[in-house]
Amino acid sequence: MPKLEIKKTSELSRKEASERLIELGRALADGSEVELGSSGDSVTMVVADRVRWELEIEVDGDEIEIEIEISWRDAPSGASAAEEQPPTESTSPSPARPARRGRPRKTPAK
């Protein structure tokens with residue numbers, strides 16, 4: 001798949017920023033498909049059952065920056081999430097289910 005990169009910078013109120021984070025959190029909690037967008041365009045992608053979470057906080061004088069990065073790899077076609085991920089500390093077995101390829105799709109503005 002060709003590389004796709006979308007970078008948007010905008011100034012929001014604290015409430016608007018929290019609403020976007022809450023919307024992303026709900027989408028991640030509700031299922032594997034997440035739609036993100038800005039300025040009328042959106043990208044829909046399938047998120048793996050396990051992700052890598054990276055949090056970076058920088059304080060430089062009077063400027064504070066928080067970066068949250070969530071990343072994952074597509075599972076090979078026909079592979080289960082259990083085959084692709086290392087075992088966790090959980091003692092309850094989880095049923096393996098076929099993983100869907102997470103191909104981002106750009107959706108035009110409506």
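This is a short chat about a predicted protein model and its surface.

Visitor: Hi! What am I looking at?
Guide: A predicted model, where local features need pLDDT of at least 70, side-chain atom pairs count only at pLDDT 80 or more, and totals for chains, interfaces and linings use all residues. Residues are numbered from 1 along each chain as its sequence is written, and side-chain values use heavy atoms, with hydrogens and water left out.

Visitor: How many helices and strands are there in the protein chain?
Guide: The protein chain has 2 helices and 5 strands. Helices (H or I, at least four residues) and strands (E, at least two) are DSSP runs, numbered from the N terminus. Along the sequence the pattern reads α-β-β-β-β-α-β.

Visitor: What share of the residues counts as buried?
Guide: Of the 110 residues, 13% do. Buried means under 20% relative accessible area, exposed over 50%, and partly exposed in between (1.4 Å probe, protein chains only).

Visitor: Which residues form the nonpolar patch on the surface?
Guide: Leu 21, Trp 53, Leu 55, Ile 57, Val 59, Ile 64, Ile 66 and Ile 68, with about 890 Å² of accessible area together. Patches are made of residues with over 30% relative accessible area and no salt bridge; like charges are joined within 9 Å and nonpolar side chains (Val, Leu, Ile, Met, Phe, Trp, Tyr) within 5 Å. A salt bridge is a side-chain nitrogen of Lys or Arg within 4 Å of a carboxyl oxygen of Asp or Glu. Areas come from the Shrake-Rupley method with a 1.4 Å probe, and for residues only the protein chains shown count as cover.

Visitor: Which strand gives the largest share of that patch?
Guide: S3, with 4 residues. Strands S3 (52-60) and S4 (63-71) each supply at least two.

Visitor: And where is Ile 68?
Guide: Ile 68 sits in strand S4. Its relative accessible area is 44%, so Ile 68 is partly exposed.

Visitor: New topic: which residues form the negative surface patch?
Guide: Glu 56, Glu 58, Asp 60, Asp 62, Glu 63, Glu 65 and Glu 67. S3 and S4 are the elements that give two or more residues to this negative patch. Asp and Glu count as negative, Lys and Arg as positive, while His and the chain ends are not counted. A charge is placed at NZ of Lys, CZ of Arg, CG of Asp or CD of Glu.

Visitor: Is Asp 60 buried or exposed?
Guide: Asp 60, found in strand S3, counts as exposed because its relative accessibility is 62%.

Visitor: Where is Arg 73?
Guide: Arg 73 is in the loop between S4 and helix H2 (81-84).
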